[in-house]
Amino acid sequence: MDAITGAYNALFFERADARVKDWFLMTSPWPLFLIICTYLTIIKVLLPKYMTNRDAFNLRTVIKWYNVVQIIGNAVATWGIMTSGWTTTYHFGCMLPDYSMNPEALRMLHYLWCTIFLKIAELLETVFFILRRKERQASFLHIYHHISTLIIIWSGVKYVGVELSYLRVKDSLFWV
(Lines give C-alpha, C1' and ligand atoms only; values in the text may rest on other atoms or scores of the structure.)
Protein backbone atom coordinates (compact mmCIF):
# COMPACT_ATOMS: atom_id res chain seq x y z
CA MET A 1 0.00 0.00 0.00
CA ASP A 2 2.91 2.34 0.71
CA ALA A 3 4.14 1.85 -2.86
CA ILE A 4 0.74 2.89 -4.26
CA THR A 5 0.56 5.92 -1.98
CA GLY A 6 4.13 6.87 -2.89
CA ALA A 7 3.43 6.54 -6.62
CA TYR A 8 0.23 8.59 -6.27
CA ASN A 9 2.04 11.36 -4.38
CA ALA A 10 4.95 11.34 -6.82
CA LEU A 11 2.67 11.55 -9.85
CA PHE A 12 0.10 14.06 -8.67
CA PHE A 13 2.11 16.24 -6.32
CA GLU A 14 5.88 15.94 -6.64
CA ARG A 15 6.01 15.97 -10.44
CA ALA A 16 3.26 18.56 -10.84
CA ASP A 17 3.94 22.19 -11.66
CA ALA A 18 4.23 23.92 -8.26
CA ARG A 19 2.79 27.15 -9.70
CA VAL A 20 -0.69 25.61 -10.05
CA LYS A 21 -0.83 23.49 -6.89
CA ASP A 22 -3.45 25.74 -5.25
CA TRP A 23 -5.48 26.64 -8.34
CA PHE A 24 -9.10 25.55 -8.62
CA LEU A 25 -9.38 22.00 -10.09
CA MET A 26 -5.59 21.58 -10.01
CA THR A 27 -5.02 20.45 -6.42
CA SER A 28 -5.58 16.77 -7.23
CA PRO A 29 -7.08 14.61 -10.01
CA TRP A 30 -10.24 13.91 -8.01
CA PRO A 31 -12.27 16.99 -9.01
CA LEU A 32 -11.66 16.21 -12.69
CA PHE A 33 -12.48 12.54 -12.09
CA LEU A 34 -15.77 13.54 -10.42
CA ILE A 35 -16.65 15.89 -13.28
CA ILE A 36 -16.08 13.12 -15.82
CA CYS A 37 -18.02 10.54 -13.77
CA THR A 38 -20.91 12.99 -13.34
CA TYR A 39 -20.89 13.73 -17.08
CA LEU A 40 -20.99 10.02 -17.97
CA THR A 41 -23.74 9.32 -15.42
CA ILE A 42 -25.86 12.17 -16.75
CA ILE A 43 -25.51 11.32 -20.44
CA LYS A 44 -25.57 7.53 -20.14
CA VAL A 45 -28.06 6.94 -17.31
CA LEU A 46 -30.08 9.94 -16.13
CA LEU A 47 -30.90 11.81 -19.34
CA PRO A 48 -31.77 8.76 -21.45
CA LYS A 49 -34.12 7.59 -18.66
CA TYR A 50 -35.59 11.09 -18.33
CA MET A 51 -36.17 11.36 -22.09
CA THR A 52 -37.79 7.92 -22.47
CA ASN A 53 -41.37 9.14 -23.00
CA ARG A 54 -40.73 12.80 -23.73
CA ASP A 55 -40.65 14.84 -26.91
CA ALA A 56 -37.49 16.59 -28.00
CA PHE A 57 -36.76 19.92 -26.39
CA ASN A 58 -36.48 23.03 -28.56
CA LEU A 59 -33.12 24.42 -27.48
CA ARG A 60 -32.49 26.73 -30.41
CA THR A 61 -32.09 29.88 -28.29
CA VAL A 62 -30.03 28.13 -25.60
CA ILE A 63 -27.72 26.65 -28.24
CA LYS A 64 -27.30 30.02 -29.94
CA TRP A 65 -26.22 31.64 -26.66
CA TYR A 66 -24.01 28.66 -25.84
CA ASN A 67 -22.30 29.10 -29.22
CA VAL A 68 -21.83 32.84 -28.66
CA VAL A 69 -20.23 32.20 -25.26
CA GLN A 70 -18.00 29.46 -26.73
CA ILE A 71 -16.89 31.66 -29.63
CA ILE A 72 -16.01 34.56 -27.33
CA GLY A 73 -14.35 32.31 -24.73
CA ASN A 74 -12.27 30.44 -27.30
CA ALA A 75 -11.31 33.67 -29.06
CA VAL A 76 -10.10 35.17 -25.77
CA ALA A 77 -8.21 31.97 -24.84
CA THR A 78 -6.62 31.74 -28.30
CA TRP A 79 -5.60 35.40 -28.19
CA GLY A 80 -4.18 34.95 -24.69
CA ILE A 81 -2.20 31.85 -25.63
CA MET A 82 -0.91 33.37 -28.87
CA THR A 83 0.21 36.58 -27.18
CA SER A 84 1.79 34.70 -24.27
CA GLY A 85 4.55 33.16 -26.29
CA TRP A 86 3.57 31.90 -29.73
CA THR A 87 3.86 35.34 -31.31
CA THR A 88 6.80 36.41 -29.15
CA THR A 89 9.33 33.81 -27.95
CA TYR A 90 8.08 30.29 -28.79
CA HIS A 91 8.83 28.41 -31.99
CA PHE A 92 7.77 25.07 -33.43
CA GLY A 93 11.11 23.44 -32.72
CA CYS A 94 11.93 21.44 -29.64
CA MET A 95 11.50 23.58 -26.52
CA LEU A 96 11.46 22.69 -22.87
CA PRO A 97 8.63 24.01 -20.71
CA ASP A 98 9.28 27.22 -18.80
CA TYR A 99 8.55 26.57 -15.11
CA SER A 100 9.78 30.00 -14.03
CA MET A 101 7.78 32.86 -12.59
CA ASN A 102 8.34 34.76 -15.84
CA PRO A 103 5.21 36.89 -16.46
CA GLU A 104 4.86 35.54 -20.01
CA ALA A 105 5.03 31.92 -18.78
CA LEU A 106 2.51 32.64 -16.01
CA ARG A 107 0.21 34.33 -18.47
CA MET A 108 0.36 31.29 -20.76
CA LEU A 109 -0.41 29.05 -17.81
CA HIS A 110 -3.37 31.21 -16.81
CA TYR A 111 -4.94 31.08 -20.29
CA LEU A 112 -4.40 27.33 -20.50
CA TRP A 113 -6.09 26.96 -17.12
CA CYS A 114 -9.03 29.00 -18.44
CA THR A 115 -9.23 26.57 -21.37
CA ILE A 116 -10.10 23.81 -18.89
CA PHE A 117 -13.34 25.64 -18.11
CA LEU A 118 -14.15 25.94 -21.81
CA LYS A 119 -13.63 22.19 -22.15
CA ILE A 120 -15.93 21.55 -19.18
CA ALA A 121 -18.58 23.78 -20.78
CA GLU A 122 -18.24 21.78 -24.01
CA LEU A 123 -19.63 18.76 -22.15
CA LEU A 124 -23.01 20.49 -22.46
CA GLU A 125 -23.04 19.67 -26.19
CA THR A 126 -23.79 16.04 -25.40
CA VAL A 127 -26.58 17.07 -23.04
CA PHE A 128 -28.05 19.19 -25.82
CA PHE A 129 -27.94 16.23 -28.22
CA ILE A 130 -29.82 14.00 -25.81
CA LEU A 131 -32.41 16.63 -24.86
CA ARG A 132 -33.05 17.26 -28.56
CA ARG A 133 -33.43 13.48 -29.08
CA LYS A 134 -30.39 13.34 -31.36
CA GLU A 135 -28.76 10.48 -29.44
CA ARG A 136 -26.87 9.24 -32.51
CA GLN A 137 -24.77 12.42 -32.40
CA ALA A 138 -23.64 11.46 -28.90
CA SER A 139 -21.44 8.72 -30.32
CA PHE A 140 -18.57 6.98 -28.58
CA LEU A 141 -16.15 9.14 -30.59
CA HIS A 142 -17.92 12.35 -29.55
CA ILE A 143 -17.85 11.39 -25.86
CA TYR A 144 -14.26 10.12 -26.06
CA HIS A 145 -13.19 13.39 -27.73
CA HIS A 146 -14.69 15.57 -25.01
CA ILE A 147 -13.31 13.51 -22.14
CA SER A 148 -9.84 13.09 -23.67
CA THR A 149 -9.39 16.77 -24.57
CA LEU A 150 -10.39 17.72 -21.03
CA ILE A 151 -7.86 15.27 -19.56
CA ILE A 152 -5.14 16.43 -21.97
CA ILE A 153 -5.55 20.15 -21.23
CA TRP A 154 -5.77 19.43 -17.47
CA SER A 155 -2.56 17.37 -17.70
CA GLY A 156 -0.89 20.10 -19.72
CA VAL A 157 -1.64 22.69 -17.06
CA LYS A 158 -0.81 20.34 -14.17
CA TYR A 159 2.56 19.17 -15.52
CA VAL A 160 3.81 21.16 -18.51
CA GLY A 161 2.45 24.67 -18.18
CA VAL A 162 2.82 25.48 -21.84
CA GLU A 163 0.69 24.88 -24.90
CA LEU A 164 2.87 22.55 -26.94
CA SER A 165 1.84 19.66 -29.13
CA TYR A 166 4.60 17.49 -27.72
CA LEU A 167 6.30 16.64 -24.47
CA ARG A 168 10.07 16.28 -24.21
CA VAL A 169 11.10 13.45 -21.92
CA LYS A 170 14.73 12.28 -21.65
CA ASP A 171 15.68 13.46 -25.17
CA SER A 172 12.72 11.72 -26.81
CA LEU A 173 9.72 13.35 -28.39
CA PHE A 174 6.29 11.91 -27.73
CA TRP A 175 3.67 13.41 -30.03
CA VAL A 176 0.31 13.95 -28.35
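Tutor: Helices are DSSP runs of H or I with at least four residues, strands are runs of E with at least two, and both are numbered from the N terminus. The model is predicted: local features need pLDDT of at least 70, side-chain atom pairs count only at pLDDT 80 or more, and totals for chains, interfaces and linings use all residues. Residues are numbered from 1 along each chain as its sequence is written, and side-chain values use heavy atoms, with hydrogens and water left out.

Student: Which residue just after α6 takes a positive phi?

Tutor: Helix α6 comprises residues 140-160. Just after α6, a positive phi of about 75° is taken by G161.

Student: How far does helix α6 reach from its first C-alpha to its last?

Tutor: Helix α6 has 21 residues.

Student: How far apart are the closest N and O atoms of D17 and R19?

Tutor: A salt bridge requires a side-chain nitrogen of Lys or Arg within 4 Å of a carboxyl oxygen of Asp or Glu. D17, at 4% relative accessibility, counts as buried (under 20% relative accessible area; exposed is over 50%, partly exposed in between, with a 1.4 Å probe and protein chains only). R19 is also buried, with a relative accessible area of 12%. D17 and R19 form a salt bridge, and their closest N and O atoms are separated by 2.7 Å.

Student: In which helix do K119 and E122 both lie?

Tutor: The side chains of K119 and E122 meet in a salt bridge with an N to O distance of 3.5 Å, and both residues are buried. They are 3 residues apart, about one turn of the helix, and that helix (residues 103-122) is α4.

Student: How many salt bridges does the rule count?

Tutor: One of them joins D17 and R19. Another joins K119 and E122. The count comes to 2.

Student: What percentage of residues 108-131 is helix?

Tutor: The unreviewed UniProt entry places "transmembrane region" at several spans, including residues 108-131; such annotations may be inferred rather than shown by experiment, and positions follow the numbering used here, with feature names shortened. The end C-alpha atoms of residues 108-131 lie 36 Å apart.

Student: How far apart are the end C-alpha atoms of residues 30-47?

Tutor: UniProt also places "transmembrane region" at residues 30-47. This part of the chain is 100% helix and 0% strand, and its end C-alpha atoms are separated by 24 Å.

Methods
The expected span of a helix is 1.5 Å times one less than its number of residues.
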